[in-house]
Each structure stands twice: as C-alpha cells, then as structure tokens.
Amino acid sequence: MSRKFIVAAAQMGPIAADEPRTSAVARMVAMMREAHARGARLVVFPELALTSFFPRWFIEDRDELARWYETEMPSPETRPLFDEAARLGIGFHLGYAELTPEGRFFNTAILVDETGVIVGKYRKIHLPGHRENEPWRPFQHLEKRYFEKGDLGFPVFDALGGRLAMCICNDRRWPETWRMLGLGGAELVVLGYNTPLHYPPAPEHDHLQYFHNDLSVQAGAYQNGLWAVATAKAGREEGCDLIGGSLIVAPTGEIVARTVTLADEVITATVDLDRCAEIRRNIFDFKQHRQPADYAALTRPGTG
C-alpha cells in the first residue's frame, strides 16, 4: 500500500486580542478547504491557534487568565473545524491552551484523523521564557508562569498509514525532542510555533530568527530520518512581530515548501513516508551506529 500523500501547513496571520474564537476557526476552516482542494489529507495549524499569544502579557487576575484556555475539545466554538474535517475527510493538527478539569494548565496540541476524532495529544515540554513580571521587556514571554511542563512525554501515534508525532514551538530547538520522536519511530512530525522576531534577552540574535527556525527543523528531520511540517502564527500581532517561514522538510533535510507571506497562507507538499528509509538505513541507522552507553551525560541532572 502506498504511504504517499499530500500534507499542508496552514500558516495564520495575527489574531487580535479581541478576536473571537469563532473568527479564528472560520479562518482555519477556509484554509482547510483550500488544503483539501489541493488534495491534502492532513493540515497543520499553529501553536495556540485559537487566540492571540497571551503569554506576552502579565495577567494577575485568574478569571481574566482563564478565558484564554479551552476546557473541552472540541468546544462549541471549535466544533465547526471538527465537523468540516469529517465532511471533507481530512485530518488536522491544532495547538491551544488547555485547562484540565483538575485545574492544570498546559500548552497543548492534538492530532485529529479524517473522521474528526482526536487520535493523539501532546503537551509542550520545553517551556521558554520566564515566570515573573519583567517590565523592562517590550513584551513578556510568560509561558513558564501560565503553563505546566507537559506530562505526556513524547508519544508517537498511528495515523495516515504511518507513525506521526507532535512537538510545539520551542521544542523544535532541542535535539532531544527530535531524537526521542525518532527513537519512537516517528515518520512525520508536525508542530506549530509563535516566534517573535525580536528576542529581548539577546537582540544580537534577531537577524537569525528565520535561520534558526530552518536549522532546527531541517536538522531534526535529517538526523532522525523523518518528515517535518512546522507552521507559524505570523505577522504583527498586538505590537509584536512574529516570524513566518512555515516550512515542510523531507527526511534528507531539504525544504520542499515554504510560505512567502506573514498572513493566512496554505502550502502543500507530497510526503512519502517510505523515504524515511533513505536515512534510517544509512548514516543514521540507529541500530548500527548509535552508542547510547556513551551518552550518559544527556540525562544526568544538573549537566550543562
């Protein structure tokens, strides 16, 4: 059976602080229809795709903070996205802020199959930013304050005739993320991100933001012999410039599709999961060439 299909990255332009979820969902439904018209079987939406990137604000009122999270999925506001996916027969990835029944907060992503059923969930592990108000910054990055570290590990799921996995934004920068997913047998990794063009702690790196995005995804794909789809929330959102550069990368590390705007934009590429073997049977044949006995420092607490 062929394991070749078309995948889409559905980049989103900015979402205003007062833009309702119904508006964001309508934009995603429109891009889902475009992706389907191009033959896509899976469409990848960004991190925190339902709202503006609220960790840029210091919010002390718990009721005000809670409004940014989803308490159920699908919810009445997101149900049209699930229904349209089932009607079209297309799967999707969605990132959102999750508030659990136990009162826990996570930066979460889900994988939904072609019938509109959730088949996988991931909670962000590498939370960037800081916990306390830092008013010297032009904008905050309070993910460590507003989210717990993910508690689901790095799962890999059976979907679309292959092995699929997820990570979220800052996770993509860490080689351990990709290696864990590669060791789990992932053949396609999908992710979303909200990445500011300006990095206040090290502004000398601002000109490298697009390069580092490409580098992280290409290296992760190549060194683990897998496909990757990375989708941005982009543009000037509430005074903060977010990079675009959504991309689809082959197991060879080659970029096969890339966005060219900072707005809502769909890109597609043909993914052949059997091509993962090109890498995994050669230079990065884990069984033959990995030397885990010599990697002890990777998991030793306090290293680095």
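Where does Gly129 lie?

1. **Gly129.** Gly129 is in the loop between strand 5 and helix 4 (143-146). Helices (H or I, at least four residues) and strands (E, at least two) are DSSP runs, numbered from the N terminus. Gly129 is partly exposed, at 37% relative accessible area. Buried means under 20% relative accessible area, exposed over 50%, and partly exposed in between (1.4 Å probe, protein chains only). Leaving aside neighbours within four places in sequence, Gly129 is in contact with His141 and Lys144. Contact means heavy atoms within 4.5 Å.

2. **Basis of the model.** This is a predicted model, in which local features need pLDDT of at least 70, side-chain atom pairs count only at pLDDT 80 or more, and totals for chains, interfaces and linings use all residues. Residues are numbered from 1 along each chain as its sequence is written, and side-chain values use heavy atoms, with hydrogens and water left out.

3. **Overall build.** The chain has eight helices and 14 strands. For 304 residues, a compact globule would have a radius of gyration near 19 Å; the chain has 19 Å, so the two agree. That radius is taken over C-alpha atoms, and the globule rule is 2.2 Å times the number of residues to the power 0.38. Along the principal axes, the C-alpha atoms fill a box of roughly 55 × 50 × 40 Å. Of the 304 residues, 55% count as buried. Among contacts between residues at least 6 apart in sequence, 69% join residues at least 24 apart.

4. **Surface.** The chain exposes about 13000 Å², and carbon and sulfur atoms supply 53% of it. Accessible areas come from the Shrake-Rupley method with a 1.4 Å probe; for residues, only the protein chains shown count as cover.

5. **Annotated region.** UniProt, in an unreviewed entry, lists residues 5-273 as "domain: CN hydrolase". UniProt positions are given in the numbering used here, feature names are shortened, and annotations may be inferred rather than shown by experiment. Over residues 5-273 the chain is 23% helix and 29% strand. The end C-alpha atoms of that stretch are 9 Å apart.

6. **Nonpolar cores.** A nonpolar core is a set of buried Ala, Val, Leu, Ile, Met, Phe, Trp, Tyr and Cys residues joined through side-chain atoms within 4.5 Å. The largest has 48 residues. Val7, Leu42, Leu188, Val189 and Val229 have the most contacts inside it. A second, separate core has 28 residues, including Ala10, Val25, Phe82 and Ile90.

7. **Helix 3.** Which residues of helix 3 (residues 79-88) are buried? They are Leu81, Phe82, Glu84, Ala85 and Leu88. They cover an arc of only 165° around the axis, so they sit on the same side of helix 3. The arc is that of the directions from the helix axis to the C-beta atoms. These buried residues pack against helix 1 (21-37), strand 3 (91-99), strand 4 (105-112) and strand 5 (118-123). Gly89 follows helix 3 and has a positive phi, near 75°.

8. **Backbone points to check.** The peptide bond from Met73 to Pro74 is cis, with omega near 0°. Pro74 is in the loop between helix 2 (62-66) and helix 3. Leu48 is not a glycine, yet has a positive phi of about 45°. Leu48 lies in the loop between strand 2 (40-44) and helix 2, and is buried at 2% relative accessible area. Cys169, also a residue other than glycine, has a positive phi near 45°. Cys169 is in the loop between strand 7 (162-168) and helix 5 (175-183), and counts as buried at 5% relative accessibility.

9. **Trp68.** Trp68 is in the loop between helix 2 and helix 3. Trp68 is buried, with a relative accessible area of 4%. Not counting residues up to four places away in sequence, Trp68 touches Ala17, Arg21, Thr51, Ser52, Phe54, Trp57, Ile59 and Ala97.

10. **Ala269.** Ala269 lies in strand 14 (residues 265-272). At 10% relative accessibility, Ala269 counts as buried. Beyond its neighbours within four places in sequence, Ala269 is in contact with Phe5, Ile6, Val7, Ile248, Val256 and Ala257.
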